[in-house]
Amino acid sequence: MHVVLDALVNLVTGLFTLGEADLITIGINMIMGLSMFFPMTVGQLSFGQAGFMSIGAHIAVVLTLYAGVWFPLALLLAGIGTGIIGFLVGIPVLRLRGLLLALMTFAFGQVVEVFFLNFKPTGAAEGIKGIFPYTDLWYVYGFLALVVIFLARLRYSRMGRAFEAVKLDETAAEAMGINVTRAKLIAFATGAFVAGVGGGLYAHHAVFIQYDNFDFKRGVDIAMYMVLGGMDVFYGPLLGAFIITYLSTALQFLADWRWEVWGIIVILVMIFRPQGILGRDTLNLRRWFGAREATPA
Amino acid sequence: MLATFIQQVINGLMLGGSYALVAIGYTLIFGVLNLLHLAHGEVAMIGSYIGLTLVLTAMSQVGVLPIWVVLIVAMLGAGIVGIIVELIAFRPLGRKQLHITPLITTIAVAFVLQEAAVKIFGSEQRSFPIKMFDQLKQYDLYLGGFRITFVQMFIIGASLVLMVGLYFFVEKTKMGKAMRACAENTMTARLLGVNVHWITAWTFGIASALAGAAGVLIGLAYNITPLMGVSLGLKGLTIMLFGGSGNIVGAMVAALILGMIETMSVAYLVPAWKDGFAFGILILILLYKPSGLFGSRLQIEAGR
């Protein structure tokens, strides 16, 4: 009992002693969670965000390290480059839906990993060392704020409503005159853009990147941020990224049993809240205190 | 030149046979439950560790065990692990789940199993003891200066026997019929008196037992590591899609093709791109023929 209490106290006090590095990591993870949320706004699950992150990181590093480009400009270019790749990848890939799309994007992430494992100009298996540590809190949270403002405004815009319609029912959306393919492509490419910038920020924080910084596990982590936090609202991935990143450092006191505890938490959340912790209904008091209405999945 | 080529063909058959066992499990689970079981490769990994532990303990207590006993025990163990996975990560989700919920829970299970394996067996590469193979050397076949080891024959033979056995199980027995009914339409199967929960558990059990067998066979030919499940699972997934989801015969053929491609690409092309080939194939299939080479029995493109 004493151990559990101590653990809880640690968990709470730990919140106030987060260092700058922790906050940067949390911020970057939040950005990555949001990058995955973009395809989700049109109902598409993309497991390839780690691949886009990798591309963005490599572009940004090559620009700052070898071409001496100003850091914010390098980030922007990394984002744009990744966005273009996302667009090109999206054209064939977005014909698929549901599980197949998830698999496809996942395979894309794997191919990116194998590519950078063999790509000599970026050091192949050795990766790139000696990257300038440009990333600070301002860059991370500044960009995060931009993305959040964008998403908050998107929700009630013309485009956002179109996305929502596509997410709920593609056929109906198409019948209403929405260009479904275009909506999906835009959402997918924007997600890739955000992931690319996130990758650039990550690279200039980690100072050393290698192909396997962006592997299967990273992809799954990013997916977890969104799925655990909530995939219907943009603050879901934010909460998910925070909880997961924080817990994985805070659960150190459980050291040996970290992953087991972690797996149990994920399964429990999925059993009781399959749409994630936060959802459209979180602020709906009737759902908490009154009769449970049937919410559409 | 010819000798190396034949050797590569045998390696390809070995690899393909083991992959087929994993892929068939995937296909069974996907077909009956419309669920991607992403911890399937990890179940195979657990199976090979069960086999290894059994061999090592038996060696210190009684002596070298016959290879088929190891295989059967590992299959039983993996089957039980599979049923437990179903009870923990799939059954409680109920029917209101989204299509990605089981994906996430099985990934969580995969991580837990990996960590458990690291904790119990250590993270270093292991392999079956050489002493075990020494005894079997006497059964090696010599064909004109060319050797096929007993282990190689055993791997190919065992995977063939299991595949054929599974095929007859699914096509000819009553439970196989019930499984196919569930794959067709769970609701209708339930109305017709099929105990769907029971069938689900059995499907997981059988699929996992096959994965456990694959784990042991791969362990016999190569190494055992806690991370072997990741690539094994991915290969199984690729093969399932390649052969057509829910199509057991398709999975067998596709597995042999992928096993061949992989060994040949290692032998004659760039080894570092080995995994790239598998994923390149996966991408091409998904793009141009999502129903797989031999046709899918199921509609899986239907969104959420």
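Okay, let's start in chain A: the axes of helix H4, residues 71–93, and helix H9, residues 180–206, come within 7 Å and cross at roughly 140°. Keep in mind that this is a predicted model. Angles over 145 degrees would count as roughly antiparallel, so H4(A) and H9(A) are oblique to each other. H4(A) goes past H9(A) in a right-handed crossing. As for who sits in that contact, we get 16 nonpolar residues, 11 polar ones and no charged ones.

Staying in chain A, next up are helix H10, residues 216–229, and helix H11, residues 235–250. Their axes come within 7 Å and cross at roughly 115°, and H10(A) passes H11(A) with a right-handed crossing. On the H10(A) side, the contact is made by A:Met224, A:Tyr225, A:Met226, A:Leu228 and A:Gly229, and on the H11(A) side the residues include A:Pro237, A:Leu238, A:Ile243 and A:Ile244.

Now over to chain B and helix H6, residues 150–172. How far apart are the end C-alpha atoms of H6(B)? They are 32 Å apart, and that agrees with the 33 Å its 23 residues should span at 1.5 Å a residue.

Which residues of H6(B) are buried? That would be B:Val151, B:Ile155, B:Ala158, B:Ser159, B:Leu162, B:Met163, B:Leu166 and B:Val170. If you look at the spacing in that list, remember that an α-helix has 3.6 residues a turn, so residues three or four places apart point the same way. The cover over the buried residues of H6(B) includes helices H1, H3, H5, H7, H9 and H11 of chain B.

Methods:
Residues numbered from 1 in each chain as written. Chains lettered and ligands numbered in written order. Predicted model: local features only at pLDDT ≥ 70, side-chain atom pairs only at ≥ 80, totals over all residues. Axes fitted to C-alpha atoms, helices over the stretch in contact; angles between N-to-C directions. Helix = DSSP H or I, 4+ residues; strand = E, 2+ residues; numbered from the N terminus. Left-handed = near helix turned anticlockwise from the far one by under 90°. Contact = placed C-beta atoms within 7 Å. Expected span 1.5 Å × (residues − 1). Buried ≥ 20, exposed ≤ 12 C-beta atoms within 10 Å, placed from the backbone. Parallel < 35°, antiparallel > 145°, perpendicular 65-115°, else oblique. Nonpolar A, V, L, I, M, F, W, Y, C, P; charged D, E, K, R; others polar.
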